[in-house]
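Subject: Structure handover

Hello,

Here is the structure I promised to pass on. Please open it next to this message and follow along.

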Amino acid sequence: MQHILLIGAGSMATVHAFSYLSLSKIKLVGIVDPNSEKAEPLAQMTGVPAFVTLEEALDKLEQVDIVDVCVPTFLHKEYVLKAALHGKHVICEKPLAGNLADAQEMIDFCNYRKVKLFVAHVVRFFPEYEKVKAHLDSGSIGQVGVVRMSRVGKMPAGHQDWYSNPDLSGGVVMDLSIHDIDFLRWCFGDVERVYAKGLRGREWNTKQLDYGLVTLRFRNGVIAHVEGSWAHEEFVTTFEFAGSEGIVDYDSSKDKPLDLKRRESSEAGGGVFVPLSTVEPNPYARELQHFIECIETGADPRVTAEDGFKAVEVVLAALQSMDSGQPVTLGERE
Amino acid sequence: MKIGIISVAHMHAVGYMYVLQGMPNVDIVGIADEDRSRAEPWAKQFNLPLYSSYQELLEQELDAVIVTSENAKHHEHVIAAARAGKHVLCEKPLSTNLEDAQEMIDVCERSGVYLGTAFPVRFSTPVAAAKKAIESGQIGEILAIKGTNHGFIPEGWFTDPALSGGGAVMDHTVHLADLMRWFMETEVKKVYAEYDSRFSDNPIDDCGIVTLEFENGAFATIDCSWSRTKAYPTWGDVTMEIIGTEGILHVDAFGQKINVYSDKVGVKWDPWGDNMDEGLLRNFLDHIGQGKPPLVTGVDGLRATEAALAAYRSFEEKRTVVLR
Ligand SMILES: NC(=O)c1ccc[n+]([C@@H]2O[C@H](COP(=O)([O-])OP(=O)(O)OC[C@H]3O[C@@H](n4cnc5c(N)ncnc54)[C@H](O)[C@@H]3O)[C@@H](O)[C@H]2O)c1
């Protein structure tokens, strides 16, 4: 039995909390969130105590094996380092960190403390994405030439609006496109070169829209295009993998196993959109279960901490390209 | 109006001839093609005289010619037609280098004839409706555009750089570059591209992503890949996702279709949209008839070609090309 302490009580923490409840041999034991309006309801719904600090939780709880960090990105490092210091394995939401120095420090410290660090790049656990990976591996579409990935929606309304502050969230490419960037790295390996354009820092962009178009050139030759948007109305993900012998595509706005439309559109909350999943267990639960199995068996995880680092590295190269207006070759980054 | 066709190297010639034959007060006078064998079946089908030299065709009584030769021959054919005093509609891309394009424009001007570039997609009904929606301010200021122009891998001279001047980047960047310029009434300022040959063994680029930045500050990407496989239900596309300050506009020029799942013909998209070639030709003929330039001019053709050529240069140099 693994005992989980959840950090944060926002959108993602809620998804993780209910995923834990659905899994066997896993026990959610507490929730840490200084914001009691958030912590209390989630604690009540999940039947576990709420705490204001990690230290308090570790002090009062009988057993904690894993700390799951679901706070805004700029707070990841603080909790990951604290958890490692106390000898707990760590699951950390993506992006691992907003900069590479922090990401490296988190990885190094977890290594030093001999605890595992998992980065929650959950797209690798979405069945539609697993399927496309299987097609690539089986060669059913031949040599892949051009890939198109897209992930669009509204800017989420997070705790104290942290998503809208690029210094805190890193912007749409860091927060959202990183899912697709990580998935592409899983499929094609390392990125050679990045070119990107975005709405960041453009003075006439007064509506807090964020939008990025990123072109990736992989070392294996594949060209990929990644659209990330906080300028759309509806959350939609799409992909298209075009190869010499076939095309695989998917569009969540068309391929809908379940579609719910309330007559009076009474949007709840407005927090980060978490796609309704029709698979059991849901991809988040499958991801968390996989990480916990890796702890128990010592197996290598599907997503390593190094993968988490490299995804951030590609995003930062994209942001650098937006700023410089030039392609950025990885390994030559400033 | 009397029209001549110079070359059927580009299969659009056939589509144009179908449209022209259905138009009242329009006569196709003949086809000129130095390769008689490829033109003969069409001359027979449309019941037209076939000339082995374009000079011979140009000696006939003509108001205008349509140049549908290999890209690298556009220059020679357009200049000859202009010097013979005929208005010219030239297939895209206008030319394979900028010097040629400029000379074509200059000679047409000096000869007192109009030069049009065949960008039919401007006349696609959904695209024209998008232009109207943008003009009426429905999506506010345009911030960014995500474009695709996919297609099959073409055959014949298209994959011979000496005749085509380039592969997918040349063939497919120009349509969207033109539409984006038209939608925003601004010019391309910066260009970068990643491209390669990954879909066949042809010695030419067959896929890529071109990124553009415009003088109005908007940016865009164009997927120009010849990446449609034989099993794909259609041969190509023109799509744009247009991000504006007040809204988002999605355009699919080939979205007018029904889906067919047939044991006989397979899985296919069967289009029901208007024929955009008809709009293109009608506009060209109406305008030259009224003594004014067509909607899509030679300068439009040059600007789009300029973007495609900059795409090649950017990738060779691995840096952004600044045009203006
Ligand atoms: N994998 C995915 O699909 C996915 C989806 C959404 C978000 N995320 C990631 O999850 C993380 C959290 O995002 P979210 O949308 O749940 O955020 P949120 O704004 O909804 O929730 C953040 C929570 O953190 C709490 N908090 C604030 N300061 C804290 C502190 N110092 N200590 C402890 N808790 C604190 C807030 O009270 C709030 O409950 C981010 O890194 C985000 O990028 C991942």
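Below is what I found, starting with the ligand.

One caution before the details: this is a predicted model.

**The ligand**

The shell around the ligand holds 28 residues. Met12(A), Asp33(A), Tyr79(A), His159(A) and Tyr163(A) come nearest. By class, the shell has 15 nonpolar, 8 polar and 5 charged residues.

A polar side-chain atom of Tyr79(A) is 2.5 Å from a nitrogen atom of the ligand. Met12(A) uses its backbone instead: a polar atom there lies 2.8 Å from a ligand oxygen. In the side chain of Asp175(A), an N or O atom is 2.9 Å from an oxygen atom of the ligand.

How much of the ligand does the protein bury? Taken alone, the ligand exposes 850 Å², and the protein buries 94% of that. Three helices of chain A each give two or more residues to the shell: α1 (11-22), α4 (76-85) and α8 (171-188).

**A buried lysine in chain A**

Now look at helix α6 (residues 127-138) of chain A, where Lys133(A) lies. Is this lysine buried or exposed? Lys133(A) counts as buried because its relative accessibility is 13%, and the cut-off for buried is under 20%. Beyond its neighbours within four places in sequence, Lys133(A) is in contact with Phe183(A), Trp186(A) and Cys187(A).

**Helix α2 of chain B**

In chain B, go to helix α2, residues 36-45. Which of its residues are buried? They include Ala39(B), Trp42(B) and Ala43(B). These residues lie on the same side of α2(B), because they cover an arc of only 105° around the axis. An α-helix has 3.6 residues a turn, so residues three or four places apart point the same way.

What covers the buried residues of α2(B)? The cover includes α1 (12-21), β2 (27-32) and β3 (50-51) of chain B. The face turned away from the buried side carries Ser37(B) and Lys44(B), which are exposed. After α2(B) comes Asn47(B), with a positive phi near 60°.

**Backbone points to check**

Most residues other than glycine have a negative phi, and most peptide bonds are trans. The places below are worth a look against that background.

- Lys94(A) and Pro95(A) are joined by a cis peptide bond, with omega about -25°. Pro95(A) lies in the loop between β5 (89-93) and α5 (100-112) of chain A.
- Glu280(A) and Pro281(A) are also joined by a cis peptide bond, with omega about -10°. Pro281(A) is in the loop between β12 (246-251) and α9 (283-297) of chain A.
- Asp161(A) has a positive phi, near 55°. Its place is the loop between β7 (144-154) and α7 (166-169) of chain A. Asp161(A) counts as partly exposed, because its relative accessibility is 37%.
- Asn25(B) has a positive phi of about 65°. Asn25(B) lies in the loop between α1 and β2 of chain B. At 69% relative accessibility, Asn25(B) counts as exposed.

Best wishes

Technical notes:
Residues are numbered from 1 along each chain as its sequence is written. Chains are lettered from A and ligands numbered from 1 in the order in which they are written. This is a predicted model: local features need pLDDT of at least 70, side-chain atom pairs count only at pLDDT 80 or more; totals for chains, interfaces and linings use all residues. Side-chain values use heavy atoms; hydrogens and water are left out. Buried means under 20% relative accessible area, exposed over 50%, partly exposed in between (1.4 Å probe, protein chains only). Helices (H or I, at least four residues) and strands (E, at least two) are DSSP runs, numbered from the N terminus. The arc is that of the directions from the helix axis to the C-beta atoms. Contact means heavy atoms within 4.5 Å. A residue is near a molecule or strand if one of its heavy atoms lies within 4 Å of it. A polar contact is a pair of N or O atoms within 3.5 Å; within protein, one must be able to donate a hydrogen and the other to accept it, and residues adjacent in sequence count only if both atoms are side-chain atoms. Accessible areas come from the Shrake-Rupley method with a 1.4 Å probe; for residues, only the protein chains shown count as cover. Ala, Val, Leu, Ile, Met, Phe, Trp, Tyr, Cys and Pro count as nonpolar, Asp, Glu, Lys and Arg as charged, and the others, Gly among them, as polar.
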